[in-house]
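Subject: Structure for you to look at

Hello,

Here is the structure I promised to pass on. Please open it and keep it beside you while you read my notes.

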Amino acid sequence: MSIEVPFIILILAIPTYFLSKWILKRLNLGNEKSRKLIALIPTIFFSPIIYIGLIYLWIFSASYYPSNDFDKQEWETNVEERYKMSEDIIESKILIGKTKEEITKLLGQDFYSYNENHIAYELGFVPGLFNIDPDVLDIYFENGKVTKVEQHQT
């Protein structure tokens, strides 16, 4: 464990201690001297929990991004943020049953073709920790019609 973690927990412990002491006083528990000692218990217990909670909050905020409804014009003009619309495309199943011609009319010609039954559109970089590769929207065909749509990181 590096020196920063105990230091950060100590910094969090200071307001936690004074808050605990204030709560004990409001609840009229013990006298002034005993409150100082009793306030150490929740301080020791809650300071690491607050630290872990802040880490989870940071991770969540770093990986959050809004999800937007599919918009053809936005899809065509903002290639780097297509990932915002991918959830709507997948969940609404708007591509299921369409032909490749209908897909290219809706999503454009800028796709990668793996084979005649699998194409992919670039979605951009989805915000998140350690995301260094762009995501793609995979579209799978059977008998000329879309059967499955998925998203994955390249």
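β1 and β2 form a hairpin, with two residues between them. Strand β1 covers residues 111–115 and runs antiparallel to β2, joined by four bridges. Two strands pair if DSSP finds at least two bridges between them. Helices (H or I, at least four residues) and strands (E, at least two) are DSSP runs, numbered from the N terminus.

This is a predicted model: local features need pLDDT of at least 70, side-chain atom pairs count only at pLDDT 80 or more, and totals for chains, interfaces and linings use all residues. Residues are numbered from 1 along each chain as its sequence is written, and side-chain values use heavy atoms, with hydrogens and water left out.

Phe111 stands opposite Tyr121 in β2. Tyr112 has Ala120 of β2 as its bridge partner.

β2 also pairs with β3, again antiparallel, over six bridges. There, Ile119 has Ile139 of β3 as its bridge partner. Six of the seven residues of β2 are buried, so this strand is largely enclosed by the rest of the structure. Buried means under 20% relative accessible area, exposed over 50%, and partly exposed in between (1.4 Å probe, protein chains only).

Next, helix α5. Which of its residues are buried? They are Tyr83, Lys84, Met85, Ser86 and Ile89. Their cover includes α4, β2 (118–124), β3 (135–142) and β4 (145–153). Lys93 follows α5 and has a positive phi, near 55°.

Now find Arg82. This residue sits in the loop between α4 (72–77) and α5 (83–92). Is Arg82 buried or exposed? Arg82 counts as buried because its relative accessibility is 2%. Its side chain makes a polar contact of 2.9 Å with that of Asp110. A polar contact is a pair of N or O atoms within 3.5 Å; within protein, one must be able to donate a hydrogen and the other to accept it, and residues adjacent in sequence count only if both atoms are side-chain atoms. Leaving aside residues up to four places away in sequence, Arg82 touches several others, including Trp75, Tyr121 and Leu123. Contact means heavy atoms within 4.5 Å.

Last, look at helix α3 (residues 40–63), where Leu54 lies. Leu54 counts as partly exposed because its relative accessibility is 45%.

Best wishes
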